[in-house]
Amino acid sequence: MTANDASSAGRENTRVGRAKSIAAITIGNGLEFFDFTSYAFFAPIIGKLFFPSGDAMTQWLLAAASFAIGFITRPLGGLILGAYADRAGRKAAMSLTLLMMAVGSAVIACTPTYAQLGIWAPMLLIAARMLQGFALGGEVGASTTLLIEMGSNHSRGFYCSLQILSQGLNSICGALLGLALTSWLSTHALEAWGWRTPFIIGTVVGAIAIYIRRNLRETLTTTKSSHTSDLGKPIARLFTQHYRSLVIGILTAIGSSSATYIVFYYLSSYAVEVLHFPIALSLWAPVVSSAVMVLSAPLAGICADRYGRKPVMGISRILLIIGIYPAFVLINALPTIGVLIIVSSLLAMLVTFTSVSALVMQPELFPREVRVTGMSVVYCIGASIFGGFAPFFATLLIKISGNDFAPSWYLIGCGLISMVPLLFMKETAGKPLD
């Protein structure tokens with residue numbers, strides 16, 4: 001073999017190894033969105049089976065609350081598992097989070113209904129969601145941090161966009177599976193066992209992902225990486241030395257998280273409960289919007305690298321604030337599947353651009369020694385309060401006001417709040433990480 005051949009083979013091995021690392025990193029976060037997509041789409045059935053009530057809206061509200069309950073433990077998981085990742089390493093933390101996620105999926109898949117187990121049924125369901133939420137609190141911060149630490153000064157946005165791309169791919173898988181189940185199974189079969197299928201798959205995929213991640217390359221190279229006993233140091237340092245970055249990051253996360261969970265997960269339930277679409281028909285909207293996410297995520301990452309995080313984030317959020325109310329007016333005035341798909345697709349593109357630019361900027365706010373802890377806290381607080389509870393808040397606003405456009409008010413408010421930090425944050429595109 002010549003020197004040129006050896007060099008070419010080395011580059012090829014590097015590319016293959018990098019691709020494997022990216023797949024291993026993104027599979028856990030993607031699994032989250034597969035599970036959440038499935039849970040959101042089957043929320044009406046889960047509400048009926050686990051939260052029986054004479055009022056369909058109340059059942060839906062309780063199902064939305066059980067979806068949101070998993071976000072309560074996210075900040076705690078982000079804090080503890082983020083600190084663990086900053087002391088023991090990204091790889092160790094990401095293996096632990098996947099194990100807990102797989103266990104949560106298994107519990108959801110196997111838990112008997114309220115009719116079979118009584119009050120223990122919803123309690124087990126909620127416990128599983130809380131365990132998953134705790135795990136995902138550390139998963140997102142560690143995996144996103146690992147991605148940007150793999151990239152160069154001029155490619156971190158693109159690398160981070162692969163996280164969003166994986167979310168879109170898994171959302172498509174979850175939506176298509178839901179569509180297949182609702183199309184092929186009778187209502188009785190769907191309620192008896194069909195809705196459990198995605199969570200069984202999630203359990204199996206989680207176990208496979210743990211195996212795949214065994215060869216991940218560690219990017220935390222400081223001598224502190226071997227000391228796991230004192231998890232309080234990165235936490236104390238984060239809140240005493242980097243509180244300004246925390247505030248900026250949380251405020252930016254509010255805008256992206258609320259928009260993500262309304263556009264990609266709530267709209268399908270909204271189509272069923274408010275617009276009276278059949279479940280099978282409503283699922284086409286998230287399938288198409290997730291495909292838009294997959295296609296536009298790399299472009300959003302490239303734009304964030306070339307033009308900066310702040311311009312991409314600011315323009316996309318302004319357009320989203322302006323467009324969300326007319327979007328709800330339109331789908332209510334013309335409640336057809338074609339209009340719903342077009343509206344959700346346009347919104348999905350805006351949400352993707354604002355999510356990618358925010359996601360890459362958030363870990364860049366913090367130095368390496370507290371990066372996962374900071375990113376986890378920022379993401380989890382934004383996602384927990386304003387993202388995970390978005391379907392619940394939107395449903396509650398409709399119930400209180402009697403106005404079917406009420407979910408748009410929620411997104412407008414979150415969007416305006418999330419514009420404030422743009423006035424104070426520094427541009428991080430093209431600059432080296434601390």
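Across the whole structure, which is a predicted model, a search finds six salt bridges. Side chains of opposite charge can pair when their charged atoms come close.

**View 1. A salt bridge joins E191 and K48.** In this predicted model, E191 pairs with K48 in a salt bridge whose closest N and O atoms are 2.9 Å apart. E191 belongs to helix α9 (residues 187-192) and K48 to helix α2 (residues 43-50), so the pair ties together parts of the chain that are 143 residues apart in sequence. K48 has a relative accessibility of 43% and therefore counts as partly exposed, a class that lies between the limits of 20% for buried and 50% for exposed.

**View 2. R156, D305, R309 and E364 are linked in a network of salt bridges.** The side chains of E364 and R156 meet in a salt bridge with an N to O distance of 2.7 Å. This pair links distant parts of the chain, since E364 is in helix α16 (residues 337-364) and R156 is in helix α8 (residues 156-184), 208 residues apart. Elsewhere in the network, D305 forms a salt bridge with R309, and here the closest N and O atoms are 3.1 Å apart. Are these residues buried or exposed? E364, at 9% relative accessibility, counts as buried, and R156, at 1%, counts as buried too. D305 is buried with a relative accessible area of 12%, and R309, at 0% relative accessibility, is likewise counted as buried; the limit that decides this is a value under 20%.

**View 3. Helices α15 and α19 come within 9 Å of each other, axis to axis.** The axes of helix α15 (residues 309-333) and helix α19 (residues 406-419) cross at roughly 165 degrees, and the two helices are therefore roughly antiparallel to each other, as angles over 145 degrees are placed in that class. Their crossing is left-handed. On the α15 side the contact is made by G314, R317, I318, I321, I324, Y325 and F328, while α19 contributes P407, S408, W409, L411, I412, G415, L416, S418 and M419. Sorted by class, this contact of α15 with α19 has 11 nonpolar, four polar and one charged residues.

**View 4. Helices α18 and α19 cross at roughly 130 degrees.** The axes of helix α18 (residues 390-401) and α19 come within 8 Å, and from their angle the two helices are therefore oblique to each other. The crossing of α18 and α19 is right-handed. The residues that make the contact are A390, F393, A394, L397, I398 and S401 of α18, together with A406, P407, W409 and Y410 of α19. By class, the contact of α18 with α19 has nine nonpolar residues, one polar residue and no charged residues.

**View 5. H276 sits in the loop between α12 and α13.**

Conventions:
Residues numbered from 1 in each chain as written. Predicted model: local features only at pLDDT ≥ 70, side-chain atom pairs only at ≥ 80, totals over all residues. Heavy atoms only, no water. Axes fitted to C-alpha atoms, helices over the stretch in contact; angles between N-to-C directions. Helix = DSSP H or I, 4+ residues; strand = E, 2+ residues; numbered from the N terminus. Parallel < 35°, antiparallel > 145°, perpendicular 65-115°, else oblique. Left-handed = near helix turned anticlockwise from the far one by under 90°. Contact = heavy atoms within 4.5 Å. Nonpolar A, V, L, I, M, F, W, Y, C, P; charged D, E, K, R; others polar. Salt bridge = Lys/Arg side-chain N within 4 Å of Asp/Glu carboxyl O. Buried < 20%, exposed > 50% of the residue type's maximum accessible area, 1.4 Å probe, protein only.
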